[in-house]
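This report describes selected features of a single protein chain.

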Amino acid sequence: MAPDDIHELFSAFGTVTVRRLFGGAGIYAGDTMFALVHDGIIYLKVGAENVAQFDRENVAAFGYATRDGKRELMSYRRMPDRLYDDPDELAVWARAALAAAQRSGKRPRKVRSSRQPA
């Protein structure tokens with residue numbers, strides 16, 4: 001997903017910056033990363049206040065393999081597909097993801113989950 005596509009997708013939310021990150025990209029509002037892109041899929045930051053939204057959508061957590069072969073899950077969940085076609089609702093989800101990122105101190109946090117990683 002190209003940066004111009006991401007800017008357009010989040011236009012109802014506001015200005016975002018896209019920065020390269022570990023083979024993907026981070027999506028930032030100001031200095032706060034609230035979403036990431038990996039293999040063309042957007043993942044939004046999850047916290048205590050918005051996790052129920054993601055649970056209702058049954059979307060997978062972002063995960064990666066560590067050097068020792070373990071699978072680590074992070075506190076980012078796959079953005080529901082329907083949000084790619086609904087910029088106003090995406091803006092609501094993006095604001096909640098930004099708030100979660102701000103509450104967590106702006107650092108990605110590993111979480112345990114029973115969900116299958118993407």
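## Loop residues with positive phi

Asp-39 is found in the loop between β3 and β4; helices (H or I, at least four residues) and strands (E, at least two) are DSSP runs, numbered from the N terminus. The phi of Asp-39 is near 55°, a positive value in a residue other than glycine. Most residues other than glycine have a negative phi. Asp-39 is exposed, with a relative accessible area of 68%. Here buried means under 20% relative accessible area, exposed means over 50%, and partly exposed lies in between (1.4 Å probe, protein chains only).

Asn-58, in the loop between α2 and β5 (61–65), likewise has a positive phi, near 55°. Asn-58 is exposed, at a relative accessible area of 58%. Gly-105, which follows α3, also has a positive phi, near 85°.

## Basis of the model

This is a predicted model, in which local features need pLDDT of at least 70 and side-chain atom pairs count only at pLDDT 80 or more, while totals for chains, interfaces and linings use all residues. Residues are numbered from 1 along each chain as its sequence is written, and side-chain values use heavy atoms, with hydrogens and water left out.

## Aromatic pairs

The model contains 5 aromatic pairs. Rings of Phe, Tyr and Trp (its six-membered ring) pair if their centres lie within 6.5 Å; planes under 30 degrees apart count as stacked, over 60 as edge-to-face and the rest as tilted. Phe-10 and Phe-34 form an edge-to-face pair, because their ring centres are 5.8 Å apart and their planes stand at 80°. This pair links distant parts of the chain, 24 residues apart: Phe-10 belongs to the loop between α1 (3–9) and β1 (17–21), and Phe-34 to strand β3 (residues 32–38). Both Phe-10 and Phe-34 are buried.

Phe-13 also pairs with Phe-34; their ring centres are 5.1 Å apart and their planes at 45°, so this pair is tilted. Since Phe-13 lies in the loop between α1 and β1 and Phe-34 in strand β3, the pair ties together parts that are 21 residues apart in sequence. Phe-13 is buried, as is Phe-34. Phe-10, Phe-13 and Phe-34 form one aromatic cluster.

A further ring contact involves a charge: the charged end of Arg-19 sits over the ring of Tyr-28, 3.9 Å from its centre. This description applies if NZ of Lys or CZ of Arg is within 6 Å of the ring centre and within 35 degrees of the ring normal.

A nonpolar core is a set of buried Ala, Val, Leu, Ile, Met, Phe, Trp, Tyr and Cys residues joined through side-chain atoms within 4.5 Å. The largest such core has 25 residues, and those with the most contacts inside it are Phe-10, Phe-13, Ile-27, Phe-34, Ile-42 and Leu-44. Two or more residues each come from α1, β2, β3, β4 and α3. Of these elements, α3 gives the most, with 7 residues. Another core, of 8 residues, lies apart from it and includes Met-33, Ile-41, Met-74 and Tyr-76.

Helix α3 (residues 87–103) has 17 residues and reaches 24 Å from its first C-alpha to its last, close to the 24 Å expected at 1.5 Å a residue; the expected span is 1.5 Å times one less than the number of residues. Its buried residues are Leu-90, Ala-91, Trp-93, Ala-94, Ala-97, Leu-98, Ala-100 and Ala-101. The elements covering them include α1, β2 (24–29), β3, β4 (41–45) and α2 (51–57), where contact means heavy atoms within 4.5 Å.

## Salt bridges

The structure holds 5 salt bridges, each a side-chain nitrogen of Lys or Arg within 4 Å of a carboxyl oxygen of Asp or Glu. In one of them, the closest N and O atoms of Glu-57 and Arg-82 are 2.3 Å apart. Glu-57 lies in helix α2 and Arg-82 in the loop between β6 (71–78) and α3, so the pair ties together parts that are 25 residues apart in sequence. Glu-57 is partly exposed at 28% relative accessibility, and Arg-82 is partly exposed at 36%.

Arg-82 also forms a salt bridge with Glu-89, with the closest N and O atoms 2.7 Å apart. Glu-89 is partly exposed, with a relative accessible area of 26%. Asp-81 and Arg-78 meet in another salt bridge, at 3.8 Å from N to O.
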